[in-house]
Amino acid sequence: MTAEDEEWFDDAEGSLVRPYAMTGGRTRSDTLGLDLITLVVAMHSAVDIDVEPEYERILSACQFPISVVEVAAKVDLPLQVVKVLLSDLINQRLIIFRSPVSSANERPSQHVLQAVLDGIRKL
């Protein structure tokens with residue numbers, strides 16, 4: 001970590017840059033319909049492209065297909081912030097995404113419903 005990086009990071013508190021500053025005040029990225037389990041993958045390496053540090057971290061995390069929620073966990077940023085930043089990268093054609101295919105008529109199997117019920121009972 002360079003001296004410049006240390007100005008924006010506090011070991012106890014984390015990043016001193018607020019999420020709304022990273023997203024330019026934007027709080028929604030509904031245009032693409034990114035879901036928690038939407039898969040994303042970078043089209044280029046983060047080293048090949050000159051981008052802001054947050055975008056670079058996301059590009060590095062997306063070198064292999066990964067879900068949106070996993071990206072948020074890897075880069076240690078709030079999910080909504082990651083969705084906004086991912087939307088920017090998708091619009092710049094630096095990342096591609098694929099939403100899970102689901103049918104409105106498709107019902108969960110009995111096995112899945114039983115597993116959910118068992119999990120709730122354990123709480």
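Me: How many residues does the protein chain have, and what percentage of them count as buried?

Reply: The protein chain has 123 residues, and 30% of them count as buried. Buried means under 20% relative accessible area, exposed means over 50%, and partly exposed is in between (1.4 Å probe, protein chains only). Please keep in mind that this is a predicted model, where local features need pLDDT of at least 70 and side-chain atom pairs count only at pLDDT 80 or more, while totals for chains, interfaces and linings use all residues. Residues are numbered from 1 along each chain as its sequence is written, and side-chain values use heavy atoms, with hydrogens and water left out.

Me: What makes up the secondary structure of the protein chain?

Reply: There are 6 helices and 5 strands. Helices (H or I, at least four residues) and strands (E, at least two) are DSSP runs, numbered from the N terminus. Along the sequence they follow the pattern α-β-β-α-β-α-β-α-α-β-α.

Me: Why is Ile 37 called exposed?

Reply: Ile 37 has a relative accessible area of 52%. You can find Ile 37 in the loop between α2 (19-22) and β3. Together with Leu 36 and Val 69, Ile 37 makes a nonpolar surface patch of about 250 Å². Like charges are joined within 9 Å, and nonpolar side chains (Val, Leu, Ile, Met, Phe, Trp, Tyr) within 5 Å.

Me: And what makes Gly 33 partly exposed?

Reply: Gly 33 has a relative accessible area of 44%. That value lies between 20% and 50%, so Gly 33 is partly exposed. Gly 33 is in the loop between α2 and β3. Leaving aside its neighbours within four places in sequence, Gly 33 is in contact (heavy atoms within 4.5 Å) with Thr 38 and Ser 99. Gly 33 and Ser 87 are 54 residues apart in sequence, with 9.4 Å from C-alpha to C-alpha.

Me: How do you know that the buried residues of α4 line one face of the helix?

Reply: Let us start with the residues themselves. In α4 (residues 68-75), Val 68, Val 71, Ala 72 and Val 75 are buried. Looking down the axis of α4, these buried residues fall within an arc of 100 degrees, so they line one face. The arc is taken from the directions that run from the helix axis to the C-beta atoms. Ala 73 and Lys 74, on the other side of α4, are exposed. The buried residues of α4 pack against β3, α3, β4 and α5 (79-91).

Me: Which residues of α3 are buried?

Reply: In α3 (residues 53-61) they are Glu 54, Tyr 55, Ile 58, Leu 59 and Ala 61. Their arc, seen down the axis of α3, is within 160 degrees, so they too line one face of the helix.

Me: Why are β4 and β5 said to stand at the edges of the sheet?

Reply: The order of this open sheet of 3 strands is β4-β3-β5, with antiparallel pairing. β4 (66-67) and β5 (95-98) each have a single partner strand, so one side of each is left without a neighbour in the sheet.

Me: How do you know that β3 pairs with β4 and with β5?

Reply: Two strands pair if DSSP finds at least two bridges between them. Strand β3 (residues 39-42) has 4 bridges with β5 and 2 bridges with β4, so both reach the cut-off of at least two. On the β5 side, Val 40 stands opposite Phe 97 and Val 41 stands opposite Ile 96. On the β4 side, Leu 39 stands opposite Ser 67.

Me: What is there to notice about Asp 76 and Arg 93?

Reply: Asp 76 has a positive phi near 55 degrees in a residue other than glycine. Asp 76 lies in the loop between α4 and α5, and its relative accessible area of 68% is over 50%, so Asp 76 is exposed. Arg 93 has a positive phi of about 60 degrees although it is not a glycine. The place of Arg 93 is in the loop between α5 and β5, and at 68% relative accessibility Arg 93 counts as exposed.

How values were computed
Patch = residues over 30% accessible without salt bridge, like charges linked within 9 Å, V, L, I, M, F, W, Y side chains within 5 Å. Areas by Shrake-Rupley, 256 points an atom, 1.4 Å probe, with all protein chains shown as cover. Salt bridge = Lys/Arg side-chain N within 4 Å of Asp/Glu carboxyl O.
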